[in-house]
Structure formats: structure tokens, C-alpha cells
Amino acid sequence: MIGRARLPRGEGVWPWLAAGSLALSLLMLAGLLFLLAVRGMGHFWPSPLTLVTLEDGRLLAGQAVREERQPNAAGRERLYLTGNRDLDGAIWRWVAVDEIAEESRPRDLVVLERTRWGSFQGRLLALEERGERVEGEAAWAALQARLQELAALRAERDRLRDEIVVPLVRRMEREPLAEAELARASARIRELQARIAGGRLLLESVDGRRLEQPLEQVLRAWRPNAMSPPAKVAAWGGGVWRFLAEGPRAANSAGGVWPAIFGTVLMVLLMSVVVTPFGVLAAIYLNEIAHQGRLTHLVRIAVRNLAGVPSIVYGVFGLGVFVYGIGGSLDEWFFADQLPSPTFGTGGLLWASLTLALLTLPVVIVATEEGLARVPDHQREGALALGATRVEMLTRVVLPMTAPAMLTGVILAVARAAGEVAPLMLVGVAKLAPQVPVDGDFPFLHLERKFMHLGYHIYDVAFHGSDVQAALPLVYATALLLVLVILVLNLTAIFLRHHLRARHGALPRR
Amino acid sequence: MSVFSPRSADGGPIIDFDPVSCCLEIEGLSLAYGETPALRELTLRVPRHRVTAFIGPSGCGKSTLLRALNRLHDLNDEVHLSGRIRLEGQDIHAPEMEVAELRRRVGMVFQAPNPFPMSIYDNVAFGLRLQGGIRKRQLDDVVEWALRSSALWDEVKDRLKSSAWALSGGQQQRLVIARTLAVRPEVLLLDEPASALDPISTLKIEELIRNLKSQLTLVLVTHNMQQAARVSDYTAFLQEGELVEYGTTDTLFTNPRLARTENYITGRMA
């Protein structure tokens, strides 16, 4: 009987109400993730390129994005992504559905991803390099081979620049000998650059306008209508990988988000490293050492309320105290030779982590206190009765038993900190900081550097780009990524907590 | 002779031991939680290498008395204590007496089994590791000896590294006794050690208590009359913080001096 009827009968409507609200919440959550996944991840799929012939004979090639009923137009209008900003001055085109005479998907249409002007969509006529000219179908094959070669050359050039030239330039002031090494590296880069430059593509849009495209600006080329499903999946995987592994291009409107992922994770880890010991010590004092009187009670209430202070307030505090106060003093004492350009006296990774540590401190204190309160007194007395001092009792018996609760606190802190954007804007996040704060240059971890953050990246791409329509898929993809990063961070902590609990069984609940 | 001669609350005589054969001397001990008195002017002596039981109704102060013997009340600011307790002639509240050292000499086993969240081996080694300066081989030997002394060795010798929380309640309680024995205490305080256990486990604990008295002095607090009668040599009956009667277990249970002792023992009064 009980097993059959999950929702008890004869208790009126309230069990249904409760179940209904739960279902609604879950549905909204699933909807959110579904929206982010479809809109974000769909962006990397090589969607087919349609050749549209209009009633008046005009031609255009584009990817259909969506259809809308325009309020003052009679019929429906369809939006095409047509690319070719250098030819058309725009990359979007609205077309009335009634005016479309014919649609087809010719297999020879190419899409080029370029470093300037965005994408090109049209036909490839010829490839010219060092006086040789290849035409027709052979040009496509030659282009593919040449693009692979270019990618390898670019990778080597970037590696040289990031790993040799940039550190050398930083050391120049101290080491005069670096100059010769620098000159050698620069010569090599110039040589690579010369091998990258030179080629030209002759392109034609579907309506017959011709274009000469320097080959060095072309990153990738594909023919979406000629691709097999496995090739499309591979291209999609490559797109997702580049989004994760590369730095942003074109004022954040293209390219990847690797520096932002790295910045977010590093900042959250630094924050956890700072907040955990402080929070745990504070909770130990409140629960184990302080006299449990009215004052302790007041402090406890105050700490709980601190968790509700708006995050921007912490940002202002961080700016005033950490950046200008402590950072300014540090600059005067240790980096006076670099003034007036600030080292620590400006927003940076360290100050952002400290500000967020302050923000999440109450969460860790409250969770740890609850864990401490759940350790039965007879465990404490058992340790004392064996001749343990209070410190030994705490470190050997009570704290190991509280570890899962502490980790719960850290999980909540991470979830809150990774999603905060407002305070970061005041204390150290940057729109563009392609150099991640960890490199091979002493002291390896550069706490004073500005960093990129996924949350701020979303805001920046969505509101500060030149073309919101084009940026939207990236916004969805970055948002999905932020959710995933928080999920991974939390799962790590949850796994750790489970491991700790599994070692000795769960703490008995009182 | 001190001004506190052992006597019951009504002034009647109680059993006494000469200073040579007594282990703990309690003189004029009074204790209050804030304004509420819990013990009033207790004076009694506990003999060495014997089992002494404290019995009495709930709230009579027997657990409070037990916890005073290893200064577990120190942590509670509310507790006010006066009088004197001597362990082997040494005042346990004297400045030169270190509380950690005292608690090593006076071990305690609590009502609910409280093994620490670590392996069986680590539980037994806990007290010794606190003292430090002990080699692994020595530690292994002591752990085995302690587990054998508490009749647990055969049951756990193959899983010393597994969690102590996986043991049954009775095994946990014997583990706690082993843990206490490992630091070689002179006195073992037992606060209702079998009240949370099943009858078979209870019998094992009682047998253990009888066997241990050749090694150390045991003080047992219990609610269970039969248990006190079965395992103890001497029994003290407390009521409302006062010592009512104290004598050999045989005398107290068969021929009590006072009517209220008899009423309690025979169950005519809760």
C-alpha cells in the first residue's frame, strides 16, 4: 500500500502543491542548462550554407539564423548570416520569405575564418603563391595543405614570442646579456613571419564580386555543404576545443576563453586557500574556546548576517583597503622605483582573491561551526581522558571529524565566489589579459597581475562588443562553461568529502 | 588523622582503609553546578586493586563524583569545587600536578562507546602517540597487549587498519577500554560502561572488569544493581549528593545499615 501510493490520498492538495513546485524548479533549471547548451554549443557546428536566389535575381549565400514576423511587414522575414563584412559592410541580412525564389546548397561554397573582417562566404577561384597560380578544384586542395603549414608556422612563432621574447624583454633591465639572445629570437620570428606572408587567394562572392585575400589572414577554410557528418562532428569538436584552449581575438568577439577559465579557477583556488584556514580558526574560536555568553551569541549573529551583505560592498572595501591601502603601501616600500606606475597598488589577482575570501568567510565559519557542534562531547572527553591537551584534542579528534563540514563550507564558498562579478570589477579583473598569471618567469605565480574571469567575460562580450547578434552564441557558450567550471570545482570538493566520510563512516547525527 | 574522617551523611560509620592500601582519598568534597549543589561534603577512601561501585538514583551525583576524580570538570566554568582528592597521597589539584598527566594515570571509559574516527590500531595507539618518543615495534607490542587485556585481540587482529566505527557496540566499548589501558593507568573510571550494550556484551565487559583488578584500581558507576553485586568488591550508595552508605558489596546488598539503602536496592524506590 505504502509503496504504491507515493503521494498520500486524503491529505488535500498540499502534497501536490509541494511536488508541483519542486517539479517546476527542476524544469526551469533543466531549461536553463538546455538553452545554454543548445545556443552555446550549436555555435561551433558547421551549419549548411544556403545559396538564396531572390525574385529580382539577386543572389546571396548565408546560414539561416531565425525567422520573425515583422510588425509592419506583411509576411515573415528570415535572418541570414552572410559574413563578408569587407564587401557588404554588414554580416547579417534580413530577407522577406515571400521574395525567395529558390534555395540550394552548392557543394563548392566555402567559408573562410579570417583574422580581419570576420568570415568570408562564397567561392574560391584561385590560390597564388610565389608566382604560381592554382585554379579550380586543385586550388581547394592546395589551400587545405597550405593552411596546415601556416598553422604550424604560426604556432612556432607564438611559442617563440611567449616563451622566449616576452620573458627576455622583462629581464632586459637587469641582464644586458639578454639583448643578443633577444636579437636572435627576433630574427627567427621575422623569418617565420616572411614564410607566413606572401600568398593570396582570389575569391568571389555568390553575386559575382571579386576579392583578393592575403593568405596570412586566413585561419581555417571549410565547405559546409560538402562535409560528411563525421567531418562535421570533428569540426565541431575542433571548434569547441579552440574555444576552450585559445585566447580571445577581435576584441573578445571571436576566439577562445582559455585565459578566462584559467583566471577563474586560479582565483577561486587562491580564495579557498585563504578563506579555509581563517574561517576554520574563527569557527574554532567561536565554538571551542570563547565563553558561550551573550557576546559570543552576538558575534555569531553578526557573522551570519555578514553573509547577506551585497557583494559590491565587499568590492568597495577591497578597493579601499587592499588595493589603495595595503597595495599602495607595498608599492611605496618595495616597488618605489617603478612608481608612478603601480605594481600592487592596482587591482590584481591577489586582491581579488582576498576580497572574495572576505566575502565567503561567513559561509565557511557557519558551516565549520555546525560541523563542530555535531561532534559529540563524549569524543572530546574521550581524548581529554587519555591525557590529550585541548590543542591535541582539537587537531587529532575534533577537526578530522569536522573535515567534511569544512569541505561543505568550502563548496558553498567556491560556488558563491566563482560566480561573483561585481566586486571583481573593482579589484582586478581585466577585459583582456592574454598572459595568464602563471608562467616560467620568477616567481612563477604573478599575484599582482590582472586576470580574466568567465563571469566578467560574459558581461563584456554581451554588452561591450560591436555586434551583439554575433556575440550572443559566445555569451551562451561562456555561461555554460562558467556553470561547468563551478560544477567541476564542486564535484572535486564533494568527491573529497565523500572520500573523508567513507574512511570512517558518517558522523552520527545528534 | 585529618578532620575529615570517613563517615556517612547521617554520621554513621562507613568502611575505611588504611593509607597504605588505599588508592584514592576523597576528603570533604563538595561540588556545585552554578548555584545547584551536586555533591555535599563527601569523604571516603577507595582501595587499591579492587572494584568499587558507586550506585544511586539518577541525579545523585555519582557520575559527577567520577568525573571529579580525573578533573574533567576543569573545562566547565560553571563548576565550583571544594575539598580535596588525593591520588596515592598526592593532591590532584596541586599546582605541580599536570592535568594531562593526571588523566593518563586515571583513565576513563564513558557510557556511550566513543572510539575516535580512525583505525582500530590508531585508536589504541592514540594515548601513547600523544606522549611521543615511542618506536613502531614498541607501539605494536603495546597495542597487542592492550587488545589482549581487553579480550578483543582475537576478534580484530586481522583488521587492525579498518575503521573503529565498523565494530559492534560491545566491541567498541572494549576497544575504548583497550585504548585506556594502553597508557598504563593506575585507576580506571567506568561511567556506566555497559548501559548501552546488549546482555552478552555486558557479560564480557563485566568479566573484563573482574580480570583487570589485578592490574589496577577500578571505580564503577552503574544503575544496574545486579551488575554492582556481580563485579564490585565495595559499594557506595549515594543519594542527593550525599554518601549514604559505603561498605563491602556483600554487606551492603545483604544487610544494609539503613532502611533507605534497602529500599533502593530492593527497588522500592526509583
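Chain A is divided into domain 1 (52-245) and domain 2 (258-504), with bounds that come from an automatic or database domain assignment. The model is predicted: local features need pLDDT of at least 70, side-chain atom pairs count only at pLDDT 80 or more, and totals for chains, interfaces and linings use all residues. Residues are numbered from 1 along each chain as its sequence is written, while chains are lettered from A and ligands numbered from 1 in the order in which they are written.

The centres of domain 1 of chain A and domain 2 of chain A, taken over C-alpha atoms, are separated by 41 Å. Along the principal axes, the C-alpha atoms of chain A fill a box of roughly 90 × 85 × 45 Å. The chain holds 14 helices and 13 strands; helices (H or I, at least four residues) and strands (E, at least two) are DSSP runs, numbered from the N terminus. Chain A has a radius of gyration of 30 Å, well over the 24 Å that the globule rule gives for 510 residues, so it is more spread out than a compact globule. The radius is taken over C-alpha atoms, and the rule is 2.2 Å times the number of residues to the power 0.38.

Of the 510 residues of chain A, 31% count as buried. A residue is buried if 20 or more other C-beta atoms lie within 10 Å of its own, exposed if 12 or fewer, and partly exposed in between, with C-beta atoms placed from the backbone. Among contacts in chain A between residues at least 6 apart in sequence, 68% join residues at least 24 apart; two residues are in contact if their C-beta atoms, placed from the backbone, lie within 7 Å.

Next comes the contact between the chains, which takes 18 residues from chain A and 24 residues from chain B. On the side of chain A that touches chain B, helix H10 (377-385), helix H11 (390-419) and helix H14 (468-504) of chain A each give two or more residues. The largest share of that side, 6 residues, comes from H10(A).

In chain B, helix H7 (residues 199-212) can be followed in detail. The buried residues of H7(B) are Ile205(B), Glu206(B), Leu208(B) and Ile209(B). Seen down the axis of H7(B), these buried residues fall within an arc of 160°, so they line one face of the helix; the arc is that of the directions from the helix axis to the C-beta atoms. They pack against strand E3 (51-55), helix H6 (169-181), strand E8 (217-221) and helix H8 (225-231) of chain B. The face of H7(B) turned away from its buried side carries the exposed residues Pro199(B), Ile200(B) and Asn211(B).
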